[in-house]
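Morning, everyone. I have one model to show you today. Have a look at it first, then I'll walk you through a few features.

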Amino acid sequence: MKKIFLLLMVFVCGMAFSQILSSNLDKKTLALGEVDHLIIKIENLNGQTVSAAPQNELLPFHFEEIKDSIGVNENEYIRKIDFSVFEEGTFTVPELEFKIGERVLKTIPYDIEVINTATKDDQINDIMSNKKVSLDPQDYWEMYKFYILAALAIIALIIAIIMILKWGRRAKSSPVVTTNITLKELDSLKKKKYIEEGNYRSFYVELIDISRKFIAKQYEIPADVLLTDDLIALMRKNNTISQENEKTVEDVFVRGDLVKFAKTFPDQKTMEQDFAGIRDFVKRSSKDIEFKNLRKDA
């Protein structure tokens, strides 16, 4: 009899000091989107800490948690969860684990049936009737300003590209630029001192080569591929180069051909005159181009 009494006392004391977990589900049948309430309570904590899933993460993903509140004091833990389900079917709230110290307690599972209570004949009404709102220009600007600014930026970029392609390319190939480049090439030829050394062959080869490239670029005549006679005939027919410039080119080119085939041997004075003549021709070429453009405009 004493053993039975002792066992009963131990059982009563254990029950008195052990934690008690209880749970309660408000509804087990829900309409789509209807809110249900789950309450979990743990008693006799005796100051121990309760560990569980974080707030709003206790239920499986089918359950849309609306509110998850936790109340704790020295002896009691209460967790209240409001949730909804937005799919038809039967869903299970599984066993939920709560750890108190080294002890793990679990709730009982609940099956919830979710039904669609709407019918095809139900009339759907807006909560509020639509209102017409008048917008002023400032409102339209705030709504579309980024699109307008982007369009303006694209237009400006296109215009800039066109101007660069049109005017930039023209500036690089302008008569003045071509003239200056050729004058620098003539200065480089002068520094080689072919005239002073009497190296007439090298002098005329380079002088005529510079002149041919200049005529081809400045006057758009294929001087770099034509023979001297054909070039002179084309210049006269083309009527682009002035007679003074034609005469200079003809004299120097003919003399250069004679030097090339060793039919003449020019002296230093003649070479200096030919160099000066080509240099003056290059400088005067811009007037030929201006006259050509005037004729086009007319």
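Start with T182, which sits in helix α3. Helices here are DSSP runs of H or I, at least four residues, numbered from the N terminus. This is a predicted model, so local features need pLDDT of at least 70, side-chain atom pairs count only at pLDDT 80 or more, and totals for chains, interfaces and linings use all residues. Residues are numbered from 1 along each chain as its sequence is written, and side-chain values use heavy atoms, without hydrogens or water.

Is T182 buried or exposed? Buried, because its relative accessibility is 5%, and buried means under 20%, exposed over 50%, partly exposed in between (1.4 Å probe, protein chains only). Contact means heavy atoms within 4.5 Å. Beyond four places in sequence, T182 contacts I210, F214 and V282.

Next, the largest nonpolar core: 29 residues. A core is a set of buried Ala, Val, Leu, Ile, Met, Phe, Trp, Tyr and Cys residues joined through side-chain atoms within 4.5 Å. Touching the most other members are L186, F203, L207, I215, Y219 and F281. Helix α5 gives the most to this core, 7 residues. Take F203: setting aside residues up to four places away, F203 touches L189, Y194, I195, M271 and F275. There is also a second, separate core of 23 residues, including I40, F91, Y110 and V114.

Last, I155. I155 lies in helix α2, residues 137-172. I155 counts as partly exposed because its relative accessible area is 47%.

Definitions and conventions:
Helices (H or I, at least four residues) and strands (E, at least two) are DSSP runs, numbered from the N terminus.
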